[in-house]
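Thanks for coming, everyone. Please have the sequence and the model open while I talk.

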Amino acid sequence: AARARMPPDADAAVVRARALGLSRRREWLALGHYRQDRRGRLVSEVAPSPFFLSPRGRVDPEAELEATLRAFYEPAPAPPLQAARCQFPARFHWLSRRLGLDAARLPSADCSRYHQWRDTIDAGGVTLVFASAYLDNPGSMYGHTFLRLRRKGAEAGEDLLDYTINFAGNANTHNALLYAWRGITGGFPGSYSTFPYYMKIQEYTNLESRDLWEYDLNLSSGSVAQLMRHAWEMGSARFGYYFFSENCSYQLLTLLDAADPRLRLADGFGFGVVPADTVRAVLAVPGLAEAPRYRPSFETQMLARRGELSAPELARVDALGRTPTTEGVAALSALPKPRQALALDSAHDLFRWRVGPYNELPSDLAAQERLLLVARGRLGLSPEDPPVAKPVAPTDGHDTSRVGFGAGASKKFAFQEVDFRAALHDLASFSDGYVPDSQLEMGDVRLRFDDKDRVPYLERLKVVDIVSLAPWDSWVKKPSWSFSTGVDQAKELGCEGPDCMYYATTGGAGMAAATHVIRREVWFAMAKTELGLSPVFAQNWRLGAGGQAGAILELAPFWKIVIDATDLEYQWGPPQERLRLVNSVRLARDLELRATLDRRVPDSEAGGSLLYYF
């Protein structure tokens with residue numbers, strides 16, 4: 001019956017596809033990554049590339065469908081080129097079901113390359129993996145997501161041999177300004193890639209010290225098979241990579257939508273795609289995702305194991321991990337075997353952290369490592385994972401966008417203000433689900449209306465504001481740093497309002513330390529520089545340097561205080577002397593109440609605001 005309904009040639013297949021309106025079906029649009037542009041036209045997000053068989057394929061879904069059907073009926077090209085149904089197995093699978101196409105009655109084609117790739121991966125299920133934020137790489141500051149393809153019949157603990165599907169931008173410059181510009185404007189080419197999972201573990205958990213969260217997806221076997229077919233197709237696709245919109249996480253949603261168009265995961269996103277929000281979109285589909293599994297980074301495990309040591313043991317381990325010696329190993333023999341095992345494991349952690357978690361070692365360092373491993377093996381005790389406390393999942397923290405309404409008074413007038421922030425998190429927010437002691441704000445706009453001039457004006461615009469505080473640790477030595485650029489008020493000049501605005505870029509570096517006197521406190525100090533541009537300055541610009549010091553006081557799970565003092569001296573004009581205190585109280589996961597005192601010589605102000613995250 002299926003053969004009786006099969007169109008006898010390409011022309012008949014095209015006529016039937018038109019009659020059925022297949023080019024307008026969501027399945028076809030998902031396979032072509034078509035979305036409506038601002039004018040309402042359907043345009044593929046794939047850049048011009050061999051992914052399209054029609055010259056108009058990128059902007060004309062019907063032309064691409066018809067070109068695809070005609071290509072199925074053409075003789076296979078000479079290798080290394082592939083026959084159309086081998087290059088586009090997901091298209092062929094869907095069209096053959098809709099039109100009754102029979103591969104046996106089409107020109108012969110050798111699809112062994114695709115079959116070998118598919119059979120090597122042997123996917124029986126799909127897992128969405130979220131890698132925590134990595135502030136030292138602009139492309140990963142919000143986190144990263146990729147797919148793990150679970151092998152059929154794999155035993156527990158064999159997941160490192162699974163394969164992954166990853167989308168990333170291919171950076172083609174080391175210039176910081178060009179990197180930022182191209183990342184924002186889509187100047188980097190983006191593409192899909194497939195790697196073994198153990199390579200992603202090495203990259204994220206070992207090299208970059210990022211925790212992973214794994215969400216098993218409940219996709220049908222048919223959807224998994226279609227995802228594999230479409231992933232093969234995407235090998236010929238090229239994209240423009242955008243940090244904030246068409247990024248790694250967004251493109252994975254379009255891949256899942258192509259596997260099962262009923263999901264419609266990518267439909268809820270336009271400009272501004274944060275990886276944690278894409279995971280939330282997956283979790284919002286009833287029954288699609290299981291509860292997450294937590295895979296701590298090498299650094300997290302190392303510090304957790306170190307926390308099990310007593311003070312005398314830690315002193316021995318510290319020396320042994322820095323310089324493994326026979327005498328150092330022998331000094332542990334007085335300890336009970338379980339404590340020897342803990343000490344040797346911890347010393348090996350420190351040794352590997354210092355030389356590189358998976359670097360190939362020169363002969364002298366390899367001999368030192370062998371001392372630790374041989375001693376550990378002679379104990380005859382099985383290795384044990386350290387007791388790592390599971391943090392709050394990235395999807396369980398506050399949402400990424402924020403709006404706030406506030407009021408206050410300065411020495412000169414009372415004011416009301418509204419604040420909108422596109423993303424993501426600041427030091428006064430509660431860090432559940434986020435990188436502790438960090439700030440990453442983008443697109444933060446504050447409008448103010450005062451009782452003096454009675455006109456609204458821009459009080460502040462943070463284009464980007466980053467703070468990374470890394471409390472000092474004798475094993476993990478990371479710098480604390482900050483960077484910001486945007487519009488601010490030069491209130492130290494005695495002015496206020498639209499005539500007092502200037503564009504500022506600041507940077508800083510320093511140190512931080514953590515204590516636990518009350519609950520948890522982080523103290524920091526940085527050297528800072530600032531470049532300001534505005535007609536408000538006598539020379540239309542100013543350059544300053546100085547310092548900033550402050551503290552983050554976590555007084556309770558719902559109560560946090562941030563206090564900082566800044567002193568910047570400029571070549572021309574008065575210095576910026578500022579003391580600021582922010583008192584934040586969490587009323588609910590996405591609701592905060594804040595009180596702020598801001599002393600900026602010669603002015604000062606106090607205010608309160610209600611913040612809602614969404």
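Let me start in a loop. Pro602 sits between strand S21, residues 591-600, and strand S22, residues 603-613. The peptide bond that joins Val601 to Pro602 is cis, with omega about 15 degrees.

A word on confidence before I go on. This is a predicted model. The average pLDDT of the protein is 93, and 97% of the residues reach at least 70. Look out for residues 1-6, though. There pLDDT stays under 50, and the model has ten contacts for that stretch beyond four places in sequence.

Back to the backbone. Most peptide bonds are trans, and most residues other than glycine have a negative phi. Pro79 and Pro80 are also joined by a cis peptide bond, with omega about 10 degrees. Pro80 belongs to the loop between helix H4, residues 61-72, and H5.

Now positive phi. Ser209 has a phi near 55 degrees, and it is not a glycine. Find Ser209 in the loop that runs between helix H9, residues 197-207, and strand S8, residues 212-217. Is Ser209 buried or exposed? Its relative accessible area is 18%, so Ser209 is buried; the cut-off is under 20%.

Arg264 has a positive phi as well, near 55 degrees. Its loop lies between helix H11, residues 248-259, and helix H12, residues 275-283. Arg264 has 45% relative accessibility, so it counts as partly exposed.

On to the cysteines. How many disulfides does the structure hold? Two. In sequence order, the bonded cysteines pair 1-2, 3-4.

Take Cys86 and Cys111. Their sulfur atoms are 1.9 Å apart, and they form a disulfide. What does this pair tie together? Cys86 is in helix H5, residues 84-87, and Cys111 is in the loop between helix H6, 89-99, and helix H7, 112-121, so the link ties parts that are 25 residues apart in sequence. The torsion about the S-S bond of Cys86 and Cys111 is about -75 degrees, so this disulfide is left-handed. Both Cys86 and Cys111 are buried.

Cys495 and Cys500 form a disulfide too, with sulfur atoms 2.0 Å apart. The link of Cys495 and Cys500 is right-handed, with 60 degrees about the S-S bond. Cys500 counts as buried because its relative accessibility is 0%.

Cys248 has 3% relative accessibility, so it counts as buried.

That's my tour.

Key:
Residues are numbered from 1 along each chain as its sequence is written. This is a predicted model: local features need pLDDT of at least 70, side-chain atom pairs count only at pLDDT 80 or more; totals for chains, interfaces and linings use all residues. Side-chain values use heavy atoms; hydrogens and water are left out. pLDDT is the predictor's confidence in each residue, from 0 to 100. Contact means heavy atoms within 4.5 Å. A disulfide is a pair of cysteine sulfur atoms within 2.5 Å. Helices (H or I, at least four residues) and strands (E, at least two) are DSSP runs, numbered from the N terminus. Buried means under 20% relative accessible area, exposed over 50%, partly exposed in between (1.4 Å probe, protein chains only).
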